[in-house]
Structures are given as structure tokens and as C-alpha cells.
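Here is a short briefing on one protein chain. Look through the sequence and the model first, then read the points below.

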Amino acid sequence: MRLQDPDGTLTDMALDAGTRLGFRLAAKGKHCLGHHTVHGPADRDHVLCPARAAATKGSQCEQCFVLDDSRLIHDFHRGGRVPPGLRAYLMQPHWLYVATFATGASKVGTASDLRKWNRLAEQGAVVARYIARAGDGRVVRILEDMITRDAGLPQQVRAAAKAAALVAPAAAVELDAVNRRLAGEARTLLAGAGGEGFEVVDERWARPELAANACAPAARHAYPHDLGTGAHGFRVDSLSGSIALAVLDGSELEFVVNLGQLKARMIELGDHGSDVPAVQEALF
Ligand SMILES: [Zn+2]
């Protein structure tokens with residue numbers, strides 16, 4: 001979790017199994033996180049929002065949204081113009097993958113070579129397979145669009161759906177079968193597509209150990225409180241992308257908390273605890 005202090009200093013806070021996280025919301029709404037300027041494959045600047053403005057476009061203000069280089073990534077393969085640094089980033093090798101989430105919902109996606117593994121960890125995939133390695137970020141997005149068009153695989157699974165799925169994950173063997181079948185179908189399409197600049201691959205993604213508990217079938221509950229207001233505190237037991245499996249004080253019940261909802265929120269860390277809701281154990 002990356003925190004930005006009032007003076008602009010950025011601090012990384014490690015979330016691990018057993019980490020206690022307590023905070024209260026210090027202001028209403030969301031505040032702009034600034035923008036990124038890309039200089040090359042591994043070189044980018046995070047420019048803070050000069051106005052510390054309210055976020056009106058996701059987690060950015062209008063001005064930072066317009067300045068953000070990543071806005072241009074999605075049109076590059078359709079001939080969109082990009083600045084030289086972003087072009088250098090996009091011209092590195094990229095991977096095409098099929099990721100499956102906890103209820104079997106699946107997507108096709110891309111990762112730059114340097115972020116091959118991290119990208120899927122951030123997405124909170126339960127099972128994933130790389131299906132192609134492309135010479136650059138233009139080719140990989142053309143392939144991605146083709147898989148969406150011809151295999152019907154979407155390019156996005158919403159965070160809310162991922163969190164809801166983790167309340168009752170399907171069996172690992174089932175999810176692996178779904179992913180293997182969809183990846184196989186996509187590979188067949190790629191092999192028949194012809195064209196240059198990529199090779200079909202069959203490589204399974206290794207899920208982080210910290211996500212194992214979150215992805216395992218178990219009886220648990222959706223976190224009942226709104227992360228946009230009030231005080232919260234719990235022990236993180238497992239983490240799948242930005243979704244945590246949390247245990248509240250005074251209860252051994254597990255709750256699924258979408259920590260992504262904290263993005264661009266103003267919080268103050270402290271010794272807080274979430275209220276334990278009345279839960280119908282009889283359901284299980
Ligand atoms: Zn801004």
C-alpha cells in the first residue's frame with residue numbers, strides 16, 4: 001500500500017499475512033493522485049497533483065488525467081501518436097495472458113516484459129496462463145483485440161466482481177480447467193492468425209503464496225462497512241490483488257475487504273477496529 005504524506009512524501013507500507021491495519025477516513029470523497037510521465041521501459045516519474053484537487057476522473061482531477069501518459073496507451077495500436085518515452089516503453093516485448101478469477105469469470109490481458117509477473121498479481125488472478133509473447137506493445141494489443149472479438153473473452157473483470165467472487169471461490173481444480181480450456185482456445189486462434197511479431201507460448205503463472213488462503217474455497221463474508229467513511233481496523237490474513245481476507249477483533253470470521261476502494265482516499269492510520277456485524281452462522 002502506498003501512502004502519500006501531506007508534504008507529498010510517498011511511503012510504501014507492506015501488507016503481509018498478520019499485518020494489522022487500522023485507519024479512519026480523514027476527509028470526504030477522493031483526492032487526485034497526480035499523473036505519470038513515462039520515459040522508458042523501467043523509467044517513469046510520478047508527478048503529484050499541484051492543486052491537491054478533488055478527484056473527478058477515477059482517482060485523478062481533470063488536469064492530471066489529461067497529462068497522464070497511460071491515457072495514450074490504449075490507442076497506440078490503432079495508430080495513435082505517443083511521446084518518445086512512452087513509445088520506448090510500448091516497444092518492449094509484451095505478454096498476452098488469460099486470467100481466471102474466483103467464480104470462473106475470465107479475461108484476456110497484456111503485460112509488459114518487466115511487469116510480466118506483477119501485473120497478474122495486482123489483478124488478483126486465481127489462475128492464469130501466458131498464451132503469447134509479442135515483440136512489442138502494439139502487436140500484443142492487436143492480438144488482445146482479436147481474442148476478444150473471436151473468442152469472446154473480455155479485457156476487464158470489475159474489482160467489485162472479483163471481491164464478490166472471493167466470498168465463495170470455486171474449487172481450484174475447476175478454475176484451472178476453465179483457464180486451461182480458454183487459454184487453449186485462444187492459442188488455437190493465435191496459431192491460425194498468421195502475421196509476424198509474436199510466438200504462441202504455454203506457460204502457467206505462479207500465484208503469490210500470500211493469495212493462497214484468499215483463493216481457497218471457504219465460508220466467509222463480504223465486509224459490511226463502507227470504506228469511504230468511518231473508522232476501520234482488522235488483521236490481514238491473505239491478499240489477492242488489492243482484495244484482502246481480513247479477521248476482525250473479537251471474531252474469528254473472515255471478511256473479504258476490497259482495499260482498492262481506499263485508492264485516492266485520505267486516511268489517518270491509528271489503533272482502530274471495525275465493528276463486528278451480526279452474522280448468521282446458520283447459513284453455513
Ligand atoms: Zn490532479
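At 40% relative accessibility, Arg 52 falls between the 20% and 50% cut-offs, so Arg 52 counts as partly exposed. The model is predicted.

- Arg 52 is not a glycine, yet its phi is positive, at about 45 degrees.
- Arg 52 sits in the loop between strand E5 (43-47) and helix H1 (62-67).
- Ala 264 also has a positive phi without being a glycine; the value is near 70 degrees.
- The loop between strand E13 (254-258) and strand E14 (267-269) holds Ala 264.
- Ala 264 has a relative accessible area of 8%, under the 20% limit, so Ala 264 is buried.

**Packing of H4 and H6**

- Two packed helices are described by the angle between their axes and the distance between the axes.
- Helix H4 (residues 137-151) packs with helix H6 (residues 172-193) at an angle of about 115 degrees.
- The axes of H4 and H6 are 10 Å apart.
- H4 and H6 make a right-handed crossing.
- H4 brings Leu 143, Met 146, Ile 147, Asp 150 and Ala 151 to the contact.
- H6 brings Ala 186, Leu 189, Leu 190 and Ala 193.
- By class, eight residues in the contact of H4 with H6 are nonpolar, one is charged and none is polar.

**Aromatic pairs**

- How many aromatic pairs does the model have? The count comes to four.
- Phe 23 and Phe 234 have ring centres 6.4 Å apart, within the 6.5 Å limit for a pair.
- The planes of Phe 23 and Phe 234 stand at 90 degrees, over the 60 degrees cut-off, so the pair is edge-to-face.
- Phe 23 lies in strand E3 (residues 20-25) and Phe 234 in strand E11 (residues 231-240). The pair links distant parts of the chain, 211 residues apart.
- Ring pairs join Phe 23 and Phe 234 with Tyr 223 in a cluster.
- Trp 117 and Trp 205 form a tilted pair, 6.4 Å centre to centre, with 40 degrees between the planes.
- Trp 117 belongs to helix H3 (residues 116-123). Trp 205 belongs to the loop between strand E9 (198-204) and helix H7 (212-215).
- The tryptophan pair also links distant parts of the chain, 88 residues apart.
- Trp 117 is partly exposed, at 39% relative accessible area. Trp 205 is buried, at 5% relative accessibility.

**Charge over rings**

- Which ring does the charged end of Lys 116 sit over at 3.7 Å from the centre? That ring is Trp 95.
- Lys 116 also lies over the face of Tyr 130, 4.8 Å from the ring centre.

**The loop between E4 and E5**

- Pro 41 is in the loop between strand E4 (35-40) and E5.
- Pro 41 counts as partly exposed, at 37% relative accessibility.
- Beyond its neighbours within four places in sequence, Pro 41 is in contact with Ala 88, Tyr 89, Gln 92 and Leu 114.
- The C-alpha atoms of Pro 41 and Leu 86 are separated by 8.1 Å, and the two residues are 45 residues apart along the chain.
- Ala 42 is found in the loop between E4 and E5.
- The relative accessible area of Ala 42 is 71%, over the 50% limit, so Ala 42 is exposed.
- Ala 42 and Leu 269 are 227 residues apart along the chain, with 31 Å between their C-alpha atoms.

**A site in H5**

- Ala 160 lies in helix H5 (residues 159-166).
- Ala 160 counts as exposed, at 52% relative accessibility.
- From C-alpha to C-alpha, Ala 160 and Ala 134 are 31 Å apart; in sequence they are 26 residues apart.

How values were computed
Residues numbered from 1 in each chain as written. Predicted model: local features only at pLDDT ≥ 70, side-chain atom pairs only at ≥ 80, totals over all residues. Heavy atoms only, no water. Axes fitted to C-alpha atoms, helices over the stretch in contact; angles between N-to-C directions. Helix = DSSP H or I, 4+ residues; strand = E, 2+ residues; numbered from the N terminus. Left-handed = near helix turned anticlockwise from the far one by under 90°. Contact = heavy atoms within 4.5 Å. Nonpolar A, V, L, I, M, F, W, Y, C, P; charged D, E, K, R; others polar. Phe/Tyr/Trp six-rings, centres within 6.5 Å; stacked < 30°, edge-to-face > 60°. Buried < 20%, exposed > 50% of the residue type's maximum accessible area, 1.4 Å probe, protein only. Lys NZ or Arg CZ within 6 Å of the ring centre and 35° of its normal.
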